[in-house]
Amino acid sequence: MNTLVMKWRRRRVSLGWPNVSRPSVLIAAVCVWIATLGNVALWRELSRLGVWHGLAGWTLVAGMVVGIGGLMALWFSVFAWRRTLKPMLVLMLLAAAGCTHFMLSYGVVMDPPMMVNVLQTDVHEATDLLNVRLLVNLVLLGVLPAVWVVCQRVSYGPWLRRLRGNLQLGAASVVLALVAVMACFQPLASTMRNHHEVRYLMTPLNVVYALGKTAFAGPARSHELLPIGVDAVAGTRFGTTRPPLLVLVLGETGRAGNFGVNGYARNTTPVLAQEDIVSFHNVWSCGTSTAVSVPCMFSRLPRKTFFDRDHEEEGLLDVLQRAGYGVLWLDNQGGCKGVCDRVPNVSTCVDGECLDGVMLAGLDDRLAALPAERRARGVVLVLHQIGSHGPAYYRRSSPDTKRFLPECTQNELQACSRDELVNAYDNSIAYTDRMLGDSIHWLQRHETAWQPALVYVADHGESLGENNLYLHGLPYAVAPDVQKRVPWITWMSPGFERSAGVDRGCLHGRVDTEVSHDHYFHSVLGLLGVHTSVYDAALDAYAPCRNG
């Protein structure tokens, strides 16, 4: 074994691998790499914002380079031990490379909500993001410097000397970072105040911060699930002969502006156009990602209060189930983000990725399997779409709904033309139109036994290359409107409309009224006539058009 080690060391010397005698030297080299090439997405954004101009701009950039390097050195000083230093250096290099790729390719930022999305991404969603460009960026920015790190010879010395060295390195790193911040404080403060997203582009500090906040916040809040709507009872509007059957379609990545029924130049919704639906045109999401929007829209709390709360509480489905309704969640996505954990729920796609029509298969049997006493009061079915989930938009439509060609058939979106990208996305909307139409037709076939209705609302929108932004997930304050404007479509059978007391003509006259996910919880309760103290008529989008 000793002979093999000596041969390997001689081989490394012959290849020109440099010897590094102290951990601080290795740390310094990695920090320089990360603070410069590892943050190319940050430097590109600062250039786009025009802050490089003049002495103040160059002072800002230089100060940020030194500051990022100093903070990374402080982080590494904690792990500068024989068994932990190289693994941590490699991990941070790969994290920086991965973040840089996604920030350069899609314009996303790594804030805590995006970290939640990353942690909740399933295998199929992750596969859609794999492409040659990702491999090249990971190799050049992460793997090659990581290999260099692994091949270095480091002398750690006795543990007491190592401890002293780590403390000295940490102290020096703090001083270096403080000096850098003070030197560029004025332009730095102005940039951070006017462009909040910049703080989440500092790689891999953004990863460390987002992981820390996610890990710290999650368990503390999960232990406090407070019940709500304990006084909830089903209303008497629908009588006992034909109970209500409400289908809530939870859309995924739906841009309101790309729906034909909302005035889009393309007829992406020919099926819905043939139905007597009401489509609100001015609807705003609670967040720009599924992990944020779904829990928020199923909460009784408005967006601003939802994010300020210090506890977890039950949501819409809990209240509906407590009122006695049969509730069933059917999922064709990456899970319900906790909102369906306490009601019956089924994943409808067992292997691979399925189109959303799979949720309609065997729906009669699923309906009949619900408890009879709950079916007698009414049923709420939630269909959670994969919808227009990117970047593989071309996989979200069937061949017979691909109305717009040629379409982008790869997940490296920058390699496609703008027209091809929009075609692929619009085809996914056309398939959603087909799926919603099939859902309505299924409901219409049940009008003799039920009073059916359907409400479709998407969780968030999407960027399709506008301002070089793709996908979604930007911080809400800086996200473009296309990531926050979503469709809200309502269909009601004549029987449901009469029993709910909703004037459809009145609704048509209010389609331009501003509504949001804040209204979702209360609007569903209002449609079903649920009596509970947590219902707020002021946040019921249908209340202004309800008779009595």
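Which residues are linked in a network of salt bridges? They are Arg255, Arg418 and Glu466. The points below take up this and other features of the predicted model.

1. Basis. This is a predicted model, in which local features need pLDDT of at least 70 and side-chain atom pairs count only at pLDDT 80 or more, while totals for chains, interfaces and linings use all residues. Residues are numbered from 1 along each chain as its sequence is written, and side-chain values use heavy atoms, with hydrogens and water left out.

2. Confidence. The chain has a mean pLDDT of 90 (the predictor's confidence in each residue, from 0 to 100), and 94% of its residues reach 70 or more. Over residues 13-17 the pLDDT is below 50, and this stretch has 4 contacts in the model beyond near neighbours in sequence (a contact means heavy atoms within 4.5 Å). Residues 218-222 also stay under 50 in pLDDT. For residues 218-222 the model has 5 contacts beyond four places in sequence.

3. Salt bridges. The whole structure holds 13 salt bridges, each being a side-chain nitrogen of Lys or Arg within 4 Å of a carboxyl oxygen of Asp or Glu. One of them joins Arg300 to Glu313, with the closest N and O atoms 2.7 Å apart. Arg300 sits in the loop between helix 13 (290-297) and helix 14 (303-308), and Glu313 in strand 5 (residues 312-313), so the pair ties together parts that are 13 residues apart in sequence. Helices (H or I, at least four residues) and strands (E, at least two) are DSSP runs, numbered from the N terminus.

4. Exposure of the paired residues. Buried means under 20% relative accessible area, exposed over 50%, and partly exposed in between (1.4 Å probe, protein chains only). Arg300 is partly exposed at 29%, whereas Glu313 is buried at 10%. Arg322 and Glu314 form a salt bridge at 2.9 Å, N to O; Arg322 is partly exposed at 32% and Glu314 is buried at 10%. In the salt bridge of Glu497 with Arg504, the closest N and O atoms are 2.7 Å apart. Both Glu497 and Arg504 are buried.

5. Helix 4 and helix 10. Two packed helices are described by the angle between their axes and the distance between the axes. Axes are lines fitted to C-alpha atoms, for helices over the stretch in contact, and angles run from 0 to 180 degrees between N-to-C directions. Helix 4 (residues 54-78) and helix 10 (residues 185-194) pack at about 85°, their axes 8 Å apart. That makes helix 4 roughly perpendicular to helix 10 (65 to 115 degrees). Ala56, Leu60 and Met64 of helix 4 meet Pro187, Leu188, Thr191 and Met192 of helix 10. By class, this contact has 6 nonpolar residues, 1 polar and no charged. Ala, Val, Leu, Ile, Met, Phe, Trp, Tyr, Cys and Pro count as nonpolar, Asp, Glu, Lys and Arg as charged, and the others, Gly among them, as polar.

6. Helix 3 and helix 5. Helix 3 (residues 40-48) packs against helix 5 (residues 85-106) at an angle of about 30°, with the axes 8 Å apart. Val40, Ala41 and Arg44 in helix 3 touch Thr100, Met103 and Leu104 in helix 5. The contact of helix 3 with helix 5 divides into 4 nonpolar, 1 polar and 1 charged residues.

7. Leu527. This residue lies in helix 21 (residues 520-528). Leu527 is buried, at 1% relative accessibility. Not counting residues up to four places away in sequence, Leu527 touches Arg237, Phe238, Val455, Met492, Phe496, Ala500, Val502, Tyr542 and Arg546.

Definitions and conventions: Parallel < 35°, antiparallel > 145°, perpendicular 65-115°, else oblique.
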